[in-house]
Amino acid sequence: MTGKLSTDKLLAALDELDVREGDVVAALLARAAELRRRRALTAADLAGLGQSLTGLVTVVGGVQQAIAQAGSAAPPALDALQAQLAANAAEFDRLRAELRAGIVALEAETGGTPGTPDAHGRTFRLVKDHMKGTDVAHFQRELNVRLARWGVHKRIAESGEYDAQTRLAAHQVAYGLGIETAAFKHGITPAVRALIHAPSGRSPDQITRAHMRREWLAALRKRFARATPKAKAKASAHHHAASHNGSSHKTPAHKKPAHKAVAHTDAGLAAAIRAHGGHYEDIIIAEARRSKVPVSLVCAVMEAESSFTNVFGHDPVANPIKSIHGRPNLVVTEALYKTYLQHRDREGCQGVGPMQLTSAFLQDAADKLGGCFKPGPNIRVGVARLGALIARFGSVHSALKAYNGSSAYADRLVQRARVWHDRLEGHASKPSSNGHGGHAGHATPAHTPGKPRTLRMTEPELMAGSDVKAFQHLLNHRFAEWGIAERVAEDGVYGIDTRHAAHQVALGLGLAPAEYAKGMTPAVRALMRAPSRRTPEQLKRAASRRSWLAKLRKTSRGAKGATAAKGAKVASGRYPLAVRGTFLGGPGVGTHSFTAPPNNWQSDNAIDLGIPVGTAMIAIDSGRVVKVTPHAQDGSRFAGDAITIVGDHGNTFFYKHGVSSVKVGERVHKGQKIGTSGSASGSPHLHFGVKHGDPRNLIN
């Protein structure tokens, strides 16, 4: 538009603007509805909308220019029109920016568009069913590399699963790089990952923000700092220093000790593992403690088997799910593991995960704990297997040979264990006399200083630490004060027995169930330590529960320390099998989950005992058989008969996966054979549940 325009032309231009504005608004509304339905967007959609907006702004600009050229004698109406058009132009600029941001967010939700920097082009975000894949594992590796370069001693599991820990680390790295929070508010897009991978691609504004956030990064570095030499010296000076051979010594903090100091913190041990290329350090320490296996030996095995990664092995079997020599190792994901299981029985077993569990029964045992594809259950089963083999053969070398099947492997691993022992010697939770490193599992787990946490049941890994052990000690003290014979193991692990005891103490003190419904908060534990701080309402409730407390006192004595419910006495002193089996899992773990179906005591309040097929099943108490549900020995998850016995002392017992030799209505006596054990899910074992109390009390 050039030259002065007549009124007719101006009106025609305004009509065109009105029509085009209506068309664009209608198109935007229609596209928004379609995006909500399909959560999909194509490059053509984006281009079309952009062209419409650009054309609209061009028309607005042309009309503005025409009005300006009308001269200073323009009537007031045209001045008002020009102001309105300017406002419209600004509004459409804002609209275009919002549309672009919204389209990017919607595009990210649908997996992105072709040509993005990431192979899959999807945006990582925290969803109910965690996003999984090799792209997630690679991103987790990238985050660990970035944290290491910054000197932040924090690592996340490279599990290929985008969980809360990965999301937090991603936000921390993005923030430290100066990336604006709006860029990752709705997820970690391929563009954000590209900047994390190559920070040199950041804009000047992002680099400026990164400089402004240096103090925040220093605070993060300090938060995850390793134990300082001064702190270690202080810990050594206060250490009772009792070694396995009974010798003890004290070394002044300013002098070099004759022997390397042993720090009583898992943080130092974990940092030492990370410093030498290890991962999953917290899990390694916890499981070494649980199975009484040297941490150095676990590190040596995991280093040799998987290089501390969650990958499939290279065994030459027909199963297509495996790593290929000369290519990057295949990362274990839930989807790939399920595919692997479909081929396992016909085409062979393959090593899986950090401990390279290869036998079907080991993989199935890890599945019962939450999934062999997860590092936690995988490492637990592998370390437990090592511990069982050491106990069986009496030597580490023989155990390693049995674990892998090669004398050369055992020779090499014994040497590597010594190397790891030297690396960790100054950080072990407890000294060792076997030459293979400290049994970190023997020491009380150290609770990281900071804000006290709420203690609760968690899956698949139970909460553990010195704070849990202190709480267990407090519960036992309260029971003793009340004259209750019940006690919980002070093992530092918050399991079902600890939770049950905590609820009993809370009830006895008059606390309302709502106060501890979500766990034992620091406030609840403070009231347990100092009951004098209770409110009048809590004191009144405690007084009303005195009869319940008296009943608990009576039943606990009758049950000889076993947890009772509704007055039921738990039989003790026997075992549900003719010989002792291997403990594979307990209440609340794996298929015994408290939160997953079927949510009944037969499934949840139960234990699995690994035992050869055909082992005699024994009645744990005298009583009557009330139900026998036959099922074929077909190897499925529900294989084998189910036997339910109501005991004479008021408890009920459940046996599953075996072959029954008793019938409904039959009277059985304590110690009587009621059938033989079988196998389910490829694992020979007995599933044994009790209606009242902790089934683990019956096998200890």
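Reply: This is a predicted model. Take A489, which lies in the loop between helix 19 and helix 20. Buried means under 20% relative accessible area and exposed means over 50%. A489 has a relative accessibility of 42%, so A489 counts as partly exposed. The C-alpha atom of A489 is separated by 8.7 Å from that of K469, and the two residues are 20 residues apart along the chain.

Me: Is T333 buried or exposed? What does T333 touch, leaving aside its neighbours within four places in sequence?

Reply: T333 has 7% relative accessibility and therefore counts as buried. Its place is in the loop between helix 13 and helix 14. With the neighbours within four places in sequence set aside, T333 is in contact with G133, T134 and F373.

Me: How many residues of the protein chain count as buried, as a percentage? How many helices and strands are there?

Reply: The protein chain has 700 residues, and 45% of them count as buried. The chain contains 24 helices and 10 strands. Among contacts with a separation of 6 or more, 63% are between residues 24 or more positions apart.

Me: How should I read the packing of two helices?

Reply: Two packed helices are described by the angle between their axes and the distance between the axes. Consider helix 13 and helix 17, whose axes come within 13 Å and cross at roughly 30°. That angle makes helix 13 roughly parallel to helix 17. Their crossing is right-handed. On the side of helix 13, L297, V301 and E305 take part, and they meet V396, L400, Y403 and N404 in helix 17.

Me: Why may residues spaced along a helix point the same way?

Reply: An α-helix has 3.6 residues a turn, so residues three or four places apart point the same way. With that idea in mind, you may look again at L297, V301 and E305 in helix 13.

Me: At what angle do helix 4 and helix 7 cross?

Reply: The axes of helix 4 and helix 7 cross at roughly 40° and come within 10 Å. The two helices are therefore oblique to each other. The crossing is left-handed. Helix 4 contributes F139, E142, L143 and R146 to the contact, while helix 7 contributes R193, I196 and H197.

Me: Which residues of helix 7 are buried, and which helices do they pack against?

Reply: P190, V192, R193, L195 and I196 are buried in helix 7. The buried residues of helix 7 pack against helix 4, helix 5, helix 6 and helix 8.

Me: How should I read aromatic rings that lie together?

Reply: A pair of aromatic rings is described by the distance of the centres and the angle of the planes. In this model, a search of the whole structure finds 10 aromatic pairs. One aromatic cluster is formed by F312, Y337, Y340 and F373.

Me: Which charged residues lie over the rings of F124 and Y175?

Reply: R193 lies over the face of F124, at 4.0 Å from the ring centre. This is the R193 that is buried in helix 7. For Y175, the charged end of R213 sits over the ring, 3.8 Å from its centre.

Me: What should I notice about the backbone angle phi?

Reply: Most residues other than glycine have a negative phi. H657 has a positive phi of about 85° although it is not a glycine. H657 is placed in strand 6, and at 5% relative accessibility it counts as buried. S307 also has a positive phi, near 55°, and is found in the loop between helix 13 and helix 14.

Me: What is the phi of K292, which follows helix 12?

Reply: The phi of K292 is positive, near 60°. Within helix 12 itself, the buried residues are E281, I284, I285, E287, A288, R289 and S291.

Methods
Residues numbered from 1 in each chain as written. Predicted model: local features only at pLDDT ≥ 70, side-chain atom pairs only at ≥ 80, totals over all residues. Heavy atoms only, no water. Helix = DSSP H or I, 4+ residues; strand = E, 2+ residues; numbered from the N terminus. Buried < 20%, exposed > 50% of the residue type's maximum accessible area, 1.4 Å probe, protein only. Phe/Tyr/Trp six-rings, centres within 6.5 Å; stacked < 30°, edge-to-face > 60°. Lys NZ or Arg CZ within 6 Å of the ring centre and 35° of its normal. Axes fitted to C-alpha atoms, helices over the stretch in contact; angles between N-to-C directions. Parallel < 35°, antiparallel > 145°, perpendicular 65-115°, else oblique. Left-handed = near helix turned anticlockwise from the far one by under 90°. Contact = heavy atoms within 4.5 Å.
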